[in-house]
Amino acid sequence: MRFSKTLYFTRNLFIILSGLVGLFIAGYVWPLAFAIGKISLLALLAATIADYILLFRRDKNIFARRALPEKLSNGDENDIKVFIENHYRFPIKVKVIDEIPFQFQLRDFNYGATIPINGNYIIDYKLRPVKRGSYSFGGLNIYVASPIGIVNRRFIFDQQASVPVYPSFMQMQKYELLAISNNLTEGGIKKQRKLGQSTEFENIREYVIGDDPRTINWRATARKADLMVNHFTDEKSQQVYCVIDKGRTMQMPFNGLSLLDYAVNASLVLSNIALKKEDKAGIITFSDKIGTILKAERKRSQMHLIMDILYNQRTKYQESDFEMLYAQVRHNLHQRALLVLFTNFGSISALYRQMPYLRKIAKNHLLVVVFFEDTELDKILESRPDNTEEVFVKAIAEQFTFEKKQMVKELETVGIHAILTPPEGLTVNVINKYLELKSRRLI
């Protein structure tokens, strides 16, 4: 209960008052109870005044602040910390209500703690945003109670802040660290055996155990009187474009994130891996009209440009125009490139409508079409129908699942690579395909 802007009465007060009311009622039958009630009421009044004095005697008795990262990672658990310092001369109980952004829809978000004299306390909690954009934090409300526990004093700390939610840079950093330590297999990335020999000659060096005997340079060996081998490097500076469909089929949610946001997160990771492999990375987005075209480059600022472009992607989820996409690719991309197209097809007839344009794109570029499994259908397929309606529903689910697999075959028949993936496995499957294509010298 609020008495002023900073004074609140606790539940303990009302419990005690309820007991006193019972004593006064009992006093009509047992006079001693009435006397006990009056004495208790006076004691409660004195305790309330003492509690008020303890809490309100000084102004700056506690200090609190919220520690926020510069940006939040979309789809990931982000750490938020609240630091509280107790400057009272007695231990206090605090209740913390943090005004977090409305996008999280958490209406009972509060923490309680006991802080000793001159002690500190850290509240550590996590937030998982599911949409890109700017998130606004409000004030930090701290309700303080003394050991008496009748009155609460409210402190409001002005901790208003706006934090942008970017595509999943945490996921990007995870795979980057695994790549640096050559432990990509820990993240689900398969080791790819290189097929054939790279055509890019680097230098001649001495033979070491494990070198391919076929690379021995016999002329250099004769001159040096020691085994010498030709050293080759992977082909570099290939163009890799992530092409993101922002149409209505990408609006479907999974675990809070839309398919579009899954595609955005995977594009960020793939672009970073491509740059680490010394290829050039670029971005193309489209829906009913072309969105953004970032030319594939390998300059230092490229990842920052990609991050900002993906952060700012907005869409009205209109019907996607693949004919326009083909025209833009033909006009802007004059060198053969790897195009990883993130899209989704609701039915095989939807694929057939776009197939002519996909085939035209694939004539000049290495095209990989990535689309999504409907994982909600798995629950239906695994269930056992109990009535005619459930049999009918399961038959439809089986038809949809069959069509998705048929789409992969239709694309591969015309020479287009295809990835059918659940949303949560998108990033790993896309990286595996990229590494596979590189190992096969297709890019």
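Predicted model: local features only at pLDDT ≥ 70, side-chain atom pairs only at ≥ 80, totals over all residues.
Which residue in E20 does Val340 stand opposite? Residues are numbered from 1 along each chain as its sequence is written, and side-chain values use heavy atoms, with hydrogens and water left out.

**View 1. Pairing of strands E19 and E20.** Val340 stands opposite Val368 in E20. Helices (H or I, at least four residues) and strands (E, at least two) are DSSP runs, numbered from the N terminus. E19 and E20 are joined in the parallel sense over five bridges; two strands pair if DSSP finds at least two bridges between them. Seven of the seven residues of E20 are buried, where buried means under 20% relative accessible area, exposed over 50%, and partly exposed in between (1.4 Å probe, protein chains only). In a regular strand the side chains alternate between the two faces of the sheet. In E20, Leu366, Val368, Val370 and Phe372 point one way, and Leu367, Val369 and Phe371 point the other way.

**View 2. The largest nonpolar core.** A nonpolar core is a set of buried Ala, Val, Leu, Ile, Met, Phe, Trp, Tyr and Cys residues joined through side-chain atoms within 4.5 Å. The largest one has 47 residues, of which Leu338, Phe342 and Tyr434 touch the most other members. Elements giving two or more residues to this core include helix H3 (169-180), strand E14 (239-245), strand E19 (338-342), strand E20 (366-372) and helix H11 (426-439). Its largest share, twelve residues, comes from H5. Apart from this core lies another, of 37 residues, among them Val82, Tyr88, Phe90 and Ile123. In soluble globular proteins, nonpolar side chains tend to be buried together.

**View 3. Surroundings of Leu338.** With neighbours within four places in sequence left aside, Leu338 is in contact (heavy atoms within 4.5 Å) with Gln239, Val240, Tyr241, Leu366, Val368, Tyr434, Leu437 and Ile443.

**View 4. Ile419 in strand E21.** Ile419 belongs to strand E21 (residues 417-421) and is buried, at a relative accessible area of 7%. Beyond its neighbours within four places in sequence, the contacts of Ile419 are Val368, Val369, Val370, Phe371, Asn429, Val430 and Lys433. Ile419 and Lys246 are separated by 173 residues in sequence and by 18 Å in space, C-alpha to C-alpha.

**View 5. Packing of helices H5 and H6.** Two packed helices are described by the angle between their axes and the distance between the axes. The axes of H5 and H6 come within 10 Å and cross at roughly 175 degrees. Axes are lines fitted to C-alpha atoms, for helices over the stretch in contact, and angles run from 0 to 180 degrees between N-to-C directions. H5 and H6 are therefore roughly antiparallel to each other; angles under 35 degrees count as roughly parallel, over 145 as roughly antiparallel, 65 to 115 as roughly perpendicular and the rest as oblique. From H5, Val264, Ser267, Leu268, Ser271, Asn272 and Leu275 meet Gln302, Met303, Ile306, Met307 and Leu310 of H6.

**View 6. Polar contacts of Thr285.** Thr285 lies in strand E17 and counts as buried, at 0% relative accessibility. A polar atom of its side chain lies 2.8 Å from the backbone nitrogen of Thr292. The side chain of Thr285 also makes a polar contact with the side chain of Gln313 (3.1 Å). A polar contact is a pair of N or O atoms within 3.5 Å; within protein, one must be able to donate a hydrogen and the other to accept it, and residues adjacent in sequence count only if both atoms are side-chain atoms.

**View 7. The open sheet E2-E4-E7.** Three strands form this open sheet with antiparallel pairing. Strand E2 (62-67) and strand E7 (120-127) stand at the edges, each with a single partner strand, so one side of each has no neighbour in the sheet. The twist averages 15 degrees from one strand to the next. Eight bridges join strand E4 (residues 78-86) to E7, and Asp79 has Lys126 as its bridge partner in E7.

View 8. Most residues other than glycine have a negative phi. Asn118 has a positive phi of about 55 degrees; Asn118 is in the loop between strand E6 (110-115) and E7 and is exposed, at 58% relative accessibility. Glu278 has a positive phi of about 65 degrees; Glu278 is in the loop between H5 and E17 and is partly exposed, with a relative accessible area of 30%.
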